[in-house]
Amino acid sequence: MKPNRTGKLNKAGMSVALIVMAASLAALPAYAQKKKSKVNIESDQMELFESENKAVFRGNVRARQNNVRLNSTNLVATFVKTKGGGTDVTWLETKGGGVRIQTSSQTITGDRMRMNVKANTAVVTGNVTVIQGTSVVKGERLNVNLNTNESKFDKGRVKFSFDPD
């Protein structure tokens with residue numbers, strides 16, 4: 001659905017946009033929590049491409065759910081329509097400018113993130129850094145399985161720095 005001439009979405013478009021926003025960010029890797037809670041999103045712009053089944057958040061994207069924050073330049077949520085008239089987010093992807101995911105115990109940064117929502121897996125690529133306490137791990141590609149809470153750097157050389165205390 002395209003904005004009208006004044007640049008505003010009509011009521012139907014806004015409803016779909018809000019559903020997509022809430023569903024998409026609730027599924028982000030750092031957001032994968034058992035208890036669903038309110039998701040807050042801010043961006044400079046948001047466009048809904050209903051015919052392409054995607055929502056694009058552009059410019060200074062900030063998302064928060066509980067104690068988890070995501071910052072990126074752009075975020076694309078791809079979705080499918082359900083039989084009941086709702087939407088299910090299938091893919092999330094950050095584009096053009098990096099990503100930062102911060103929890104109470106970890107910070108993950110990289111150039112890009114792509115998440116398969118259904119499989120509950122995510123890949124962060126390009127200058128990936130994971131910081132937890134005084135430990136720092138750097139690499140080119142981090143694969144995360146949120147079902148098993150396992151993560152693996154699997155491309156390029158990995159650098160690990162930690163304080164033995």
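Me: How much of the chain counts as buried?
Reply: Of its 165 residues, 34% count as buried. Keep in mind that this is a predicted model.

Me: Noted. And the surface, what does that come to?
Reply: The accessible surface of the chain is about 10100 Å². Carbon and sulfur atoms account for 48% of that area.

Me: Switching to the fold. How many helices and strands does the chain have?
Reply: One helix and 12 strands. Along the sequence the pattern reads α-β-β-β-β-β-β-β-β-β-β-β-β.

Me: What share of the contacts is between residues 24 or more positions apart?
Reply: That's 38%, counted among contacts with a separation of 6 or more.

Me: OK, charges now. How many salt bridges are there?
Reply: The count comes to six salt bridges. One of them pairs Lys-81 with Glu-50, with the closest N and O atoms 3.8 Å apart.

Me: Where do Lys-81 and Glu-50 sit in the chain?
Reply: In distant parts, 31 residues apart. Lys-81 is in strand β4 (residues 68-81), while Glu-50 is in the loop between β2 (45-49) and β3 (54-65).

Me: Why does Lys-81 count as partly exposed?
Reply: Because its relative accessible area is 47%, and the partly exposed class runs between the buried limit, under 20%, and the exposed one, over 50%. Glu-50 is also partly exposed, with a relative accessible area of 22%.

Me: Which residue does Glu-52 meet in a salt bridge?
Reply: Lys-54, with 3.4 Å from N to O. Glu-52 has a relative accessible area of 46% and is partly exposed. Lys-54 is partly exposed as well, at 25%.

Me: How accessible are Arg-141 and Asp-154?
Reply: Arg-141 has a relative accessible area of 30%, so it is partly exposed. Asp-154 comes in at 34% relative accessibility and counts as partly exposed too.

Me: Great, that covers what I was after.

Methods. Residues are numbered from 1 along each chain as its sequence is written. This is a predicted model: local features need pLDDT of at least 70, side-chain atom pairs count only at pLDDT 80 or more; totals for chains, interfaces and linings use all residues. Side-chain values use heavy atoms; hydrogens and water are left out. A salt bridge is a side-chain nitrogen of Lys or Arg within 4 Å of a carboxyl oxygen of Asp or Glu. Helices (H or I, at least four residues) and strands (E, at least two) are DSSP runs, numbered from the N terminus. Buried means under 20% relative accessible area, exposed over 50%, partly exposed in between (1.4 Å probe, protein chains only). Contact means heavy atoms within 4.5 Å. Accessible areas come from the Shrake-Rupley method with a 1.4 Å probe; for residues, only the protein chains shown count as cover.
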